[in-house]
Structures are given as C-alpha cells and as structure tokens.
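These are my notebook entries on one protein chain.

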Amino acid sequence: MRLNPTRRPLLPRVLLGLVGLFVVAQLVPYGRAHANPTVQAQPKWDSPQTEALFTRACADCHSHATVWPWYSNVAPISWLVQRHVDEGRSKFNVNVPGYGRDADEAAKEVRSGSMPEPTYLPLHPEARLNAQEKEQLAAGLEATFGGEREGGESEGR
C-alpha cells in the first residue's frame, strides 16, 4: 500500500493544534491578577509555632500573603491556582475580619487530612506536615479561632 504523498501525518497536526490552543489560552485574563489584597485583620496567634506552621502550610490560600509561583502565570494552571486561592480565601482567611465562615472548622480540616489540599503538596513540599506538626497546628488553630464543641455548637472569635 502506498501512502498518499499529499496527505500529512496526523501527529504533527495534532501537536500543532495543541500548541495553538496553549497559545490562545494565554489570552484568557483569569488567573493572573496576583495582587494580594490589603490586610484588614491579623489573628492573635496562640503561639509562634502555630503561626509558623500556618504560614508554611496554609497561608498561600488562606491569607492575603499568597506567594504566586511562576507557573501561576501560565494557563491553564493559572486558572486552577487562582480558583484554589479564591475558594480558600472565601472560606477561611486570617486577614479579613471574622476570618471567614469556616474558621472554626480549620482544625478539623487539618486533622482529617483534607488540608493542605493534596493537589497543593507536590509543588510545595514545605507544606507537608508530619503527624506531630499536624496535631500541633490543629490544636493551635482551635486555640486561635475556636473549634467544634460537643453538641454541634462552635466557639469563635
């Protein structure tokens, strides 16, 4: 069977299409507005250790002190990073008055292992906490922001 000499192979066309999509995605403005908002509140941490652990593992998404890595400027990854930061700040943010609707659940999230978010950890190995650090952070978050009491009541600040 002879190949038609005017027909191009499929792989180069697919790769060219993917590169084109990547270039067009860079034109979408969402995900690159990386100015951190003004700090409106600052918690009175129960200890310097809690503050250090929070800064190491949580502050990028739950404060106005986000460190924006280089890849947060490249779509489509920038879209995911921006969405995570927006969502994190909307639920619990140490730099807004009241700290957000989920401040009293922060310790529970750390203890359950759902925070820091698993997708955050591969590119932020410093945010990995051992069991002792997780418990120390959770206890410090409870002491700083309150936590779930028995009977479903929560104590907050």
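I took helices (H or I, at least four residues) and strands (E, at least two) as DSSP runs, numbered from the N terminus.

I noted that this is a predicted model, in which local features need pLDDT of at least 70 and side-chain atom pairs count only at pLDDT 80 or more, while totals for chains, interfaces and linings use all residues. Residues are numbered from 1 along each chain as its sequence is written, and side-chain values use heavy atoms, with hydrogens and water left out.

Entry 1, overall fold. I found six helices and zero strands in the protein chain. I then took contacts (heavy atoms within 4.5 Å) between residues at least 6 apart in sequence, and 72% of them join residues at least 24 apart.

I looked up residues 48-57 (helix 2) and residues 131-145 (helix 6); their axes come within 9 Å and cross at roughly 110°. Axes are lines fitted to C-alpha atoms, for helices over the stretch in contact, and angles run from 0 to 180 degrees between N-to-C directions. The two helices are therefore roughly perpendicular to each other (65 to 115 degrees; under 35 is roughly parallel, over 145 roughly antiparallel, the rest oblique). I recorded the crossing of helix 2 with helix 6 as left-handed. From helix 2, Gln49, Thr50, Leu53, Phe54 and Arg56 meet Glu133, Gln136, Leu137, Gly140, Leu141 and Thr144 of helix 6.

My search of the whole structure gave six aromatic pairs (rings of Phe, Tyr and Trp, the last by its six-membered ring, with centres within 6.5 Å; planes under 30 degrees apart are stacked, over 60 edge-to-face, the rest tilted). One of them joins tryptophan 45 to phenylalanine 54 and is tilted, at 5.1 Å centre to centre and 45° between the planes. I found both tryptophan 45 and phenylalanine 54 buried. Tryptophan 70 and tyrosine 71 form an edge-to-face pair, at 5.7 Å and 85°. Tryptophan 70 is exposed at 67% relative accessible area, whereas tyrosine 71 is buried at 11%. I also noted one aromatic cluster, formed by Trp45, Phe54, Phe92, Tyr99 and Phe145.

Technical notes
A crossing is left-handed if the near helix is turned anticlockwise from the far one by less than a right angle, and right-handed if clockwise. Buried means under 20% relative accessible area, exposed over 50%, partly exposed in between (1.4 Å probe, protein chains only).
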